[in-house]
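Try each one yourself, then walk through the solution.

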Amino acid sequence: MKNYFFYKLPDKNGYHEVHHEDCAYLPGPYHRYAIGKFSNCEEAIKEVESLFPMLKFDGCFFCSESCHNH
């Protein structure tokens, strides 16, 4: 299980990227929000979507490729 975070600033399409703790592209501590510990990005995104239903989320292309859709 890994800690997952999302980037507080949305990308050009309005999505907040979800990263795990070992990602080379993990935003700095002031630019990320901790989601929690999960087995995979699908679980992390499901959780964060329930916490922030007004936001859109996408997995990082590099560390959460199976969740990267946009």
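A disulfide here is a pair of cysteine sulfur atoms within 2.5 Å. This is a predicted model: local features need pLDDT of at least 70, side-chain atom pairs count only at pLDDT 80 or more, and totals for chains, interfaces and linings use all residues. Residues are numbered from 1 along each chain as its sequence is written, and side-chain values use heavy atoms, with hydrogens and water left out.

**Exercise 1.** Find the disulfide and work out its handedness.

*Solution.* 
- Step one: search the whole structure, and one disulfide turns up.
- Step two: pick the partners, Cys41 and Cys67, with sulfur atoms 2.0 Å apart.
- Step three: check the S-S torsion of Cys41 and Cys67; at about 90 degrees, it makes the disulfide right-handed.
- Cys41 sits in helix α1 (residues 41-51) and Cys67 in the segment after β4 (56-59), so the pair ties together parts 26 residues apart in sequence. Helices (H or I, at least four residues) and strands (E, at least two) are DSSP runs, numbered from the N terminus.

**Exercise 2.** Are Cys41 and Cys67 buried or exposed? And what about Cys23?

*Solution.* 
- Step one: set the cut-offs. Buried means under 20% relative accessible area, exposed over 50%, partly exposed in between (1.4 Å probe, protein chains only).
- Step two: apply them, and both Cys41 and Cys67 come out buried.
- Step three: turn to Cys23, which is in no disulfide; its nearest cysteine sulfur, on Cys63, is 3.5 Å away. Cys23 is buried too, at 10% relative accessible area.
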